[in-house]
Amino acid sequence: LVKALRNPNPYQGTIEWMMQSRIFAEIYGNEFIYFYTKPGFTNKIAAIYNIPSDIIKVDDESELPFYKHTSKELEYKVTFDGKTEILPSENIVHISTAAVELSEDGYLYGQSHLKALQPAIQNIRAAYEARNVIIKNRGALGILSNSNSDATGSTLPMDEKEKAALQNEFRKYGIAKSQHQVIITNLRLQWQQMAIDTDKLKLFEECKADTEKICDAYGYPFELLGNQQGVTFENKKQALKSLYQDTIIPKANEWTSALNSHFETLDKSWEIRLTYDHLPIFQDNLKERGQAMSTTITALSKAFQDGAMTMQQYQNELTKLGI
């Protein structure tokens with residue numbers, strides 16, 4: 001098993017295989033980990049693969065409702081390249097999200113977070129599409145019209161020569177270095193704004209609100225996305241620590257728990273664990289824990305030397321500290 005975990009299959013290393021497994025869970029709501037064993041070597045793992053949910057179907061082999069199952073009575077059918085194959089259920093670890101499909105066999109499948117997030121995702125797509133259309137097809141910025149009028153008050157129209165001259169003159173103005181920023185003319189003109197005020201459309205606010213919903217669904221702190229206004233270095237540090245403590249580590253524990261259950265490590269002298277103590281964000285925690293342990297041990301030693309506690313009590317207190 002250790003050899004297989006360190007070299008899962010001919011195409012992936014351990015980290016890539018683990019990342020892919022989690023990506024499938026986040027996209028589909030399900031992870032199917034297949035421990036491939038060669039015929040005749042059922043106790044030796046030859047390779048480990050992640051099987052995408054869109055090519056695997058889970059069938060209940062028994063006619064009993066799921067709440068009367070006492071063992072794993074499921075059949076895993078994989079359809080690939082036009083062929084269907086049944087994989088041994090004892091070689092499959094299926095991990096699903098807490099959100100389940102509300103269907104007849106929904107208890108067999110997890111539900112992707114993306115399903116509930118479709119409105120937010122569609123809103124972001126629509127907002128970006130609107131911004132793209134405004135940029136590409138913004139049309140004229142406004143209208144310069146003749147404000148001269150005749151004796152009756154009617155506006156005098158420009159002739160074609162005047163329009164052409166005004167257009168040529170207008171090209172000299174803009175925000176480039178070689179252009180003028182202020183129009184000076186003898187013509188009596190009136191300006192009518194036509195540009196769309198994107199602030200009033202609240203497109204940026206909509207994207208931000210929907211992105212926050214997506215982050216919340218996946219347990220990802222919004223503060224870690226880009227350079228958020230008002231977010232300090234300390235805020236990001238705490239958000240990163242929260243990401244590990246509240247999202248990554250619980251999901252990792254769920255993942256390893258499924259593997260330990262599959263390999264029945266409860267009856268063995270070993271188990272599979274993922275550790276994060278080496279990460280820089282947890283070094284402060286280790287330092288604080290070390291200081292607390294040092295203080296506690298000093299106090300316990302003093303109490304033992306004074307006869308206030310027995311050696312057994314001393315050892316019990318150390319056990320509570322995880323020593």
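I began with Arg22, which at 22% relative accessibility counts as partly exposed. The cut-off matters here, because buried means under 20%. I note that the model is a predicted one.

*Entry 1. Arg22 and its partners.*
I looked up what the Arg22 side chain meets. It forms a salt bridge with the side chain of Glu26, at 3.8 Å from N to O. I then checked where the two residues sit. Both are in helix α2, which spans residues 14-28. They are four residues apart, so about one helical turn separates them.

*Entry 2. Salt bridges around Asp59.*
I asked how many salt bridges the structure holds. The count is eight. I picked Asp59 next. Its side chain meets that of Lys57 in a salt bridge, at 3.9 Å from N to O. Lys57 is partly exposed, with 43% relative accessibility. Asp59 also forms a salt bridge with Lys77, and here the closest N and O atoms are 3.2 Å apart. I placed this pair on the strands. Lys77 is in strand β4 (residues 74-80), while Asp59 is in strand β3 (residues 56-60). The pair therefore ties together parts that are 18 residues apart in sequence. Lys77 counts as partly exposed too, at 28% relative accessibility.

*Entry 3. The sheet.*
I turned to the strands. Which order do they take in the open sheet of three? I read it as β2-β1-β6, with antiparallel pairing. The edge strands are β2 (47-51) and β6 (92-96), and each of them pairs on one side only. From one strand to the next, the twist averages 20 degrees. As a reminder to myself, strands of a sheet pair through backbone hydrogen bonds.

Tyr36 stands opposite Ala47 in β2.

*Entry 4. Helices on the sheet.*
I came back to helix α2. It packs on the sheet and touches β1 and β2. The direction of α2 makes about 145 degrees with that of β1. I also looked up helix α8, residues 233-262. Helix α8 lies across β1 and β6. It runs at about 150 degrees to β6.

Key:
Residues are numbered from 1 along each chain as its sequence is written. This is a predicted model: local features need pLDDT of at least 70, side-chain atom pairs count only at pLDDT 80 or more; totals for chains, interfaces and linings use all residues. Side-chain values use heavy atoms; hydrogens and water are left out. A salt bridge is a side-chain nitrogen of Lys or Arg within 4 Å of a carboxyl oxygen of Asp or Glu. Helices (H or I, at least four residues) and strands (E, at least two) are DSSP runs, numbered from the N terminus. Buried means under 20% relative accessible area, exposed over 50%, partly exposed in between (1.4 Å probe, protein chains only). Two strands pair if DSSP finds at least two bridges between them. Axes are lines fitted to C-alpha atoms, for helices over the stretch in contact, and angles run from 0 to 180 degrees between N-to-C directions. Contact means heavy atoms within 4.5 Å.
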